[in-house]
Amino acid sequence: MKIKKQENKRKNYVHNNKYNLFDSAQEQIKCASNGCNVIIVNICNNQHVHVNAFNKKVYSRYPLVLANRESLGRTNLGKCQPVLVDKNKEYNHKLYVANLYACSGKKTPKNRTINYYALGLSLQQLASFVRSNINNTENPMSRIFIDKKCVAFTGCNWSFVDELLDDIMPDIEVEVYDQ
């Protein structure tokens, strides 16, 4: 059986399964000529349940993200909470982790915790944050890093998320990691 390779129509889309997302993010903010601001997407639920292995990696690597998440308290779905976790003072590149509150913590009859409407709202807030806060700085280049398995863990259909990214962020570069 032949498997058809998925072609993505986004010009600014990179599928990367060779490198570690966190190491790549650090490298991006340290580069002089090819460096940029980086936003790592962290899909959360609004019940403060930490069940996702990717969430645990984020919180162990960047404790400030967990502290900010907990200080927000139980929030409504559809919120985006960008947290500045690192900054390269020489090149002024910044690394953010964006907590996207798109899961309710309860599984639906289709065995998923993701709320697609909330995911769309939080991605829209993230895109607005990138366009207004980051792209108006000295270094306007930005990339969003997203882990495909983190999305899949929520029961989300990746092809639908891919379409959401294409609709909401056609002008923002997205790197997808499959770790």
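Okay, let's start with Thr154: leaving aside its neighbours within four places in sequence, Thr154 is in contact (heavy atoms within 4.5 Å) with Ile43, Cys103, Arg112, Thr113 and Ile114. You'll find Thr154 in the loop between α5 (148-153) and α6. Is Thr154 buried or exposed? Buried, with a relative accessible area of 4%. On that scale buried means under 20% relative accessible area, exposed means over 50%, and partly exposed is in between, using a 1.4 Å probe and protein chains only.

Before I go on, a word on what you're looking at. This is a predicted model, where local features need pLDDT of at least 70 and side-chain atom pairs count only at pLDDT 80 or more, while totals for chains, interfaces and linings use all residues. Residues are numbered from 1 along each chain as its sequence is written, and side-chain values use heavy atoms, with hydrogens and water left out.

Now the overall layout. The chain has 6 helices and 6 strands; these are DSSP runs numbered from the N terminus, H or I with at least four residues for helices, E with at least two for strands. Going along the sequence, the pattern reads β-α-β-α-α-β-β-α-β-α-α-β. The chain has 179 residues, and 49% of them count as buried. Take the contacts between residues at least 6 apart in sequence: 70% of them join residues at least 24 apart.

On to helix α1, residues 21-30. How many of its 10 residues are buried? The count is 7, so α1 is largely enclosed by the rest of the structure. Those buried residues are Leu21, Phe22, Ser24, Ala25, Gln26, Gln28 and Ile29. Their cover includes β2, α2, β3 (79-88), β4 (93-103), β5 (142-147) and β6 (173-177).

Let's pick out α2, residues 53-61, from that cover. α1 and α2 pack at an angle of about 45°, with their axes 12 Å apart. The axes are lines fitted to C-alpha atoms over the stretch in contact, and angles run from 0 to 180 degrees between N-to-C directions. That makes the two helices oblique to each other; under 35 degrees would be roughly parallel, over 145 roughly antiparallel, 65 to 115 roughly perpendicular, and the rest is oblique. At the contact, Leu21, Phe22, Asp23 and Gln26 from α1 meet Phe54, Lys57, Val58 and Arg61 from α2. By class that's 4 nonpolar, 1 polar and 3 charged residues. Here Ala, Val, Leu, Ile, Met, Phe, Trp, Tyr, Cys and Pro are nonpolar, Asp, Glu, Lys and Arg are charged, and the others, Gly among them, are polar.

Cys31 is partly exposed, at 30% relative accessibility. Not counting residues up to four places away in sequence, Cys31 touches Tyr91 and His93. Cys31 and Asn88 are 57 residues apart in sequence, yet 9.2 Å apart in space, C-alpha to C-alpha.

Asn92 counts as buried, at 18% relative accessibility.
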